[in-house]
Amino acid sequence: MKNPILKDEAIYEEEKRERWLFEQRRAHGISRRQLIRMFAAGAGAAALGIVPTFTPRARANHAVTVKPTPTSLFIDHGTNFETRFEAFATTGYVTPNELFFVRNHSATPHVDASTWRMRLYGSGVRREVSVSYEDILKLPAYTETKFIECAGNGRSQFLAAHGKRAAGTQWRLGAIGVAEWRGARLSDVLELAGIRRNAVDVMAVGLDTQRVRRPMSIEKAVEDDTLVVYEMNGVPLPPDHGYPVRLLVPGWGGIQSCKWVGEIEVSETPLFSDWNTKTYRMFGDAYPDRPLVTTQVVKSAFELPWAGSIPAGPRVVTGRAWSGAGAIDHVEVSFDGATWQHATLDQRNVPKAWARWSLPWSPTPGSYTIRARATDSRGNTQPSSVPFNDQGYLFGAVVDHPITVV
Ligand SMILES: Nc1nc2c(c(=O)[nH]1)N[C@H]1C(S)=C(S)[C@@H](COP(=O)(O)O)O[C@H]1N2
Ligand SMILES: [Mo]
């Protein structure tokens, strides 16, 4: 539970950090990227004789994640760690593993790949088999650059837009990252057990204490880009992101991309778990049929501190836009709430990953609400509002981003 005082403190820390970065860059000509790295390392700044005016708080979160999640780069939501969107400004197209958000229903389990086995079973396969890490590595390998985004990314905006808090982690927009995932096709893995013609559902089960498991249709499971992943950005999958193997289910809510997979059931009858009955459906007055959450909606975000402050004068404002349904067609930005201008899209624009965009802005001091509005290659545009749903999934409306120019 966050109280308003903690929230203010976080914003205060954020502002201090921005100011420190800005001052150090001006004084020492050091790149922002280097500074952020030093910041993450903590001691680096002192070694260079640059003494930060404050010390990043060391976190005792080892019970939940293995990797460090400094508050300078992550927003702490208890067991979940959101990437501060402004930190993406220091990264290229893909998100470094150290900066990738973590969404854990419980603590990261420590799995030994040399003894790990994955059981494939169910009425939808011809025979039950138990496969090893080596068995997966031996299959043809594919690389896919895709986002994993929490279905609840942006959830805090339901409170801002409807005055009603949706249940769940109050993410801003940083419960997303793009990585280069390498692994075997899920269809090739399942063929080790022989997929039956009448199979309808597939459910991977995690080895975490909650045994997180969310069924999906066989059609989605056997798509070419649905992978059993063992590498993330060129290194073995880090523990917090699913070591030894996780699923990558491009375009769909992150819950589908099961981490620490221990078994996969394939069934000739529909499969159910808490994650497709009690959660990850749209509940609420606007959704009498309670549809399943599957494809992620089009969204966009500024690489600027949330409710932070930036110096006045000319600058290039950057951001990212993405959609679970395809690539990004265009992004419009409004700094004054009335007029919209087109941002320039970077060339790399992978479907179900994201597009980086930028445009110039030269603000004078004051308080601003700035907005970005993306349209994907299917013609889906971010609307000005979306109906409320109780669990706060798929917030795809245009977001009011508060910023102070000093
Ligand atoms: N086994 C298992 N898989 C899981 C989860 C989990 O808690 N346990 N969280 C899911 C959710 S809700 C999301 S958004 C993504 C987050 O992936 P990441 O932590 O690698 O960013 O993992 C999914 N896979
Ligand atoms: Mo999620």
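**Exercise 1. Describe the largest cavity by the class of its lining residues, its volume and the residues nearest its centre.**

Begin with the classes: the lining of the largest cavity has 10 nonpolar, six polar and four charged residues, where Ala, Val, Leu, Ile, Met, Phe, Trp, Tyr, Cys and Pro count as nonpolar, Asp, Glu, Lys and Arg as charged, and the others, Gly among them, as polar. The model is a predicted one, in which local features need pLDDT of at least 70 and side-chain atom pairs count only at pLDDT 80 or more, while totals for chains, interfaces and linings use all residues. Side-chain values use heavy atoms, without hydrogens and water, and residues are numbered from 1 along each chain as its sequence is written.

Next, take the volume, which is about 260 Å³. A cavity here is a set of points, on a 1 Å grid over the protein atoms alone, where a 1.4 Å probe fits but cannot get out, and lining residues have an atom within 4 Å of a point. Finally, of the 20 lining residues, Arg103, Arg246, Gly254, Ser257 and Lys259 lie nearest the centre.

**Exercise 2. Characterise the second largest cavity in the same terms, and identify the strands that supply its lining.**

The volume is about 180 Å³, and the lining of 23 residues has Phe85, Leu173, Ala301, Trp306 and His401 nearest the centre of the cavity. By class, this lining divides into 12 nonpolar, five polar and six charged residues. As for the strands (DSSP runs of E, at least two residues, numbered from the N terminus), β2 (80-83), β14 and β21 each supply at least two lining residues.

**Exercise 3. Classify the ring pair Phe100 and Phe101, and then the pair Tyr280 and Tyr393.**

A search of the whole structure finds 14 aromatic pairs. The centres of the Phe100 and Phe101 rings are 5.6 Å apart and their planes lie at 20°, so this pair is stacked, given that rings of Phe, Tyr and Trp (its six-membered ring) pair if their centres lie within 6.5 Å, and that planes under 30 degrees apart count as stacked, over 60 as edge-to-face and the rest as tilted. Phe100 is buried at a relative accessible area of 1%, and Phe101 is buried at 6%, the limit for buried being under 20% relative accessible area with a 1.4 Å probe and protein chains only.

Tyr280 and Tyr393 are likewise stacked, at 5.0 Å centre to centre and 25° between the planes. This pair links distant parts of the chain, 113 residues apart. Tyr280 is buried at 6%, as is Tyr393 at 4%.

Technical notes. Chains lettered and ligands numbered in written order. Buried < 20%, exposed > 50% of the residue type's maximum accessible area, 1.4 Å probe, protein only. Helix = DSSP H or I, 4+ residues; strand = E, 2+ residues; numbered from the N terminus. 1 Å grid on protein atoms, 1.4 Å probe; cavity = no way out; pocket = protein on both sides within 12 Å on 5 of 7 lines; lining within 4 Å. Points joined across faces, edges and corners; volume = space filled by probe spheres on them.
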